[in-house]
There are 2 protein chains.
Amino acid sequence: MELKRPYLLFIGAARDDLAAKTAYGVAYWRPEWSIGQVRLDGCTTTLGLPDMSVEEGAAKGAKTMVIGVANRGGAIADSWHAPMRKAVELGMDLASGLHNSLTEVPGLGDLAKGLGRQLVDVRIPDRDFAVGSGVKRTGKRLLTVGTDVSCGKMFTALAIEREMQRRGLKADFRATGQTGILIAGSGVSVDAVIADFISGATEWLAPDNTPDHWDLVEGQGSLFHPSYAGVTLGLVHGAQPDALVVCHEPTRPHKRGIPHQPLPDLKDCMELHVQAAKLTNPAARCVGFSINTSRMPAADADAYLKATASRLGLPCVDSVKTGVAPIVDHMGTLGLL
Amino acid sequence: MELKRPYLLFIGAARDDLAAKTAYGVAYWRPEWSIGQVRLDGCTTTLGLPDMSVEEGAAKGAKTMVIGVANRGGAIADSWHAPMRKAVELGMDLASGLHNSLTEVPGLGDLAKGLGRQLVDVRIPDRDFAVGSGVKRTGKRLLTVGTDVSCGKMFTALAIEREMQRRGLKADFRATGQTGILIAGSGVSVDAVIADFISGATEWLAPDNTPDHWDLVEGQGSLFHPSYAGVTLGLVHGAQPDALVVCHEPTRPHKRGIPHQPLPDLKDCMELHVQAAKLTNPAARCVGFSINTSRMPAADADAYLKATASRLGLPCVDSVKTGVAPIVDHMGTLGLL
């Protein structure tokens with residue numbers, strides 16, 4: 001899949017940032033692709049983009065309307081049907097990361113087919129993959145890993161892409177989840193492939209490249225999360241990372257959805273992921289830590305970053321507050337860049 | 001899925017044991033369910049069961065015809081179509097572990113539907129699963145793991161089931177692959193589920209049970225195999241094994257399909273799998289090694305088993321030559337039984 005740009009971001013009647021977090025991610029990381037937002041009656045949040053009707057978005061040249069709002073259970077609300085049909089009629093593709101497929105909207109599939117538009121459910125892989133070969137590929141790769149799900153792996157990979165590109169390095173974010181795919185315009189939702197092909201799908205996603213090129217591969221889950229560690233391990237083996245960045249949210253009382261298990265220690269987390277990565281890349285090493293300190297008082301956050309960097313001997317950043325430059329600097333010091 | 005018994009085993013025009021290895025497995029482990037074999041012209045191997053036509057099998061009461069032969073690429077040969085249709089017409093279900101689905105045989109799906117027969121592709125899960133919870137379940141579980149794919153994990157789990165049942169213990173083999181499912185009559189092909197649900201599917205497969213009951217869970221792949229380790233890890237976490245048995249084939253020059261990687265050391269293999277298992281069962285421990293010595297001279301095999309048992313301090317058996325009793329004995333000594 002390769003999504004057509006620019007995007008019109010549809011956030012329906014979202015009541016808060018969380019409901020529209022997919023659209024927020026796209027607007028934040030790809031402002032140059034995001035020409036406007038479509039809000040329905042009752043919407044009480046904004047992406048900070050110009051408000052547009054579907055017609056206005058089409059007139060401004062939008063090529064894909066992104067369904068960037070989450071509903072209870074991933075469902076598609078009835079009130080979205082009319083604007084979705086309108087977008088297709090006016091020449092746009094639709095892209096969605098929801099659980100429910102766009103093809104479940106009555107008549108939408110036929111309408112799109114008749115008009116030659118794509119309905120892209122980014123959760124659902126649109127091709128078959130080979131099993132992973134474990135053969136080392138050319139080019140360099142960085143993978144974000146973490147102590148839990150949803151602790152900043154996508155954000156950190158995107159921040160490092162931006163920092164590397166700012167320095168004139170060749171760098172591409174490689175998306176492995178729904179929001180990441182909408183931000184990258186392509187990718188593979190690795191947790192949705194058939195289990196046998198996790199590492200193979202990741203090998204396909206980050207193929208051979210020039211020796212000075214970096215893929216920044218979005219991590220998923222954690223080797224310490226009992227629900228998703230299988231996905232994580234296949235992703236680690238397929239990515240063959242030269243560099244790993246460990247992501248962490250320190251205030252969580254337990255792993256998400258697993259109330260009986262606290263988060264692992266950062267050092268243990270680093271060591272287990274690096275050990276796993278060495279199976280397909282013996283040169284794999286950790287190059288830093290990315291901590292989401294948004295729920296800590298500023299002074300605590302600062303102290304935490306300093307203490308962790310000192311304890312573990314590696315750069316320790318908050319992707320939002322400090323930026324990721326110290327990690328990229330350190331990669332330069334190590335001779336990786 | 002729950003396959004109806006007894007079975008009629010179809011081996012087509014198989015030229016050797018390997019082509020009919022699925023049927024061999026069923027005939028070896030479930031002689032009481034295997035009433036006969038169907039062979040076509042050109043078949044040069046035998047399961048040692050009575051030869052029957054499909055009509056004779058039906059008359060003897062076969063409830064499922066098992067397609068127990070592998071073809072190049074998992075395809076269904078044209079010459080199999082007529083006997084398959086005949087079996088359905090005469091009242092049998094069909095079950096197959098091939099890559100190609102039974103529904104691809106022209107007209108077979110409609111015929112089965114009209115007559116109320118099941119066409120069971122055991123590779124394809126027939127239900128949805130929840131994500132794994134990591135919550136400890138009641139009852140006991142043993143999981144076979146290994147240094148590579150295809151090194152005796154199914155055989156060893158079945159041998160331990162048989163040995164435990166012989167001793168009057170409550171024990172059930174839990175199948176995670178095609179041949180295992182045909183032998184158990186039910187199960188989940190864990191490498192064919194959506195990646196997010198590997199551990200959840202395994203939790204479903206080996207549910208809460210009485211405290212003295214053992215599930216013998218068939219392992220898949222290896223944490224050291226770069227193609228399939230994700231499946232293995234989800235399976236380890238979902239199985240929550242109290243006991244692990246490490247399987248190994250010592251003469252292999254490299255991991256199957258991975259010519260650039262030798263097999264891991266047995267001790268490293270044991271430690272990594274036990275460490276992974278402790279995430280969902282802190283009491284997990286290795287209780288023995290199961291070595292496939294079929295390609296070693298008898299004296300070498302004997303010396304290898306003795307040296308390995310001595311080096312690692314645990315029972316080291318060949319499931320075929322020595323039987324698995326020493327492993328079950330050791331579990332008793334440890335107070336696990």
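This is a predicted model: local features need pLDDT of at least 70, side-chain atom pairs count only at pLDDT 80 or more; totals for chains, interfaces and linings use all residues.

Residues are numbered from 1 along each chain as its sequence is written, and chains are lettered from A and ligands numbered from 1 in the order in which they are written.

**Stop 1: the interface**

Show chains A and B together. In this view, 28 residues of chain A are in contact with 28 residues of chain B (contact: C-beta atoms, placed from the backbone, lie within 7 Å). Now select helix 7 (198-205) and helix 8 (229-239) of chain A, each of which supplies at least two residues of the side that touches chain B. Helices here are DSSP runs of H or I with at least four residues, strands are runs of E with at least two, and both are numbered from the N terminus. Helix 8 of chain A gives the largest share of that side, six residues. By class, the side of chain A that touches chain B has 16 nonpolar, ten polar and two charged residues. Nonpolar means Ala, Val, Leu, Ile, Met, Phe, Trp, Tyr, Cys and Pro; charged means Asp, Glu, Lys and Arg; the others, Gly among them, are polar.

**Stop 2: two helices in chain B**

Select residues 198-205 and 229-239 of chain B, which are helix 7 and helix 8. They pack at an angle of about 40°, with their axes 7 Å apart. Axes are lines fitted to C-alpha atoms, for helices over the stretch in contact, and angles run from 0 to 180 degrees between N-to-C directions. The contact has five nonpolar, six polar and one charged residues.

**Stop 3: a sheet in chain A**

Display the open sheet of six strands in chain A, with the order 7-8-6-9-10-11 and parallel pairing (strands pair if DSSP finds at least two bridges between them). Strand 7 (170-174) and strand 11 (316-317) of chain A each have a single partner strand, so one side of each is left without a neighbour in the sheet. Inspect strand 6 (140-146) and strand 9 (243-248) of chain A, which pair over five bridges. Here A:Leu142 stands opposite A:Ala243.

**Stop 4: a covered helix**

Select residues 21-29 of chain A. How many residues of helix 1 of chain A are buried? Seven of its nine are, including A:Tyr24 and A:Trp29. Buried means that 20 or more other C-beta atoms, placed from the backbone, lie within 10 Å of the residue's own; exposed means 12 or fewer, and partly exposed is in between. The cover includes strand 1 (7-12) and helix 5 (153-166) of chain A.

**Stop 5: two residues of chain B**

Pick B:Leu94 in strand 4 (93-96) of chain B. B:Leu94 is buried, with 23 other C-beta atoms within 10 Å. Its contacts include B:Met65, B:Val88 and B:Leu119.

Finish at B:Lys113 in helix 4 (108-115) of chain B. B:Lys113 counts as partly exposed, with 13 C-beta neighbours inside 10 Å. The C-alpha atoms of B:Lys113 and B:Val88 are separated by 9.8 Å.

Methods. Two residues are in contact if their C-beta atoms, placed from the backbone, lie within 7 Å. Lists of a residue's contacts leave out its neighbours within four places in sequence.
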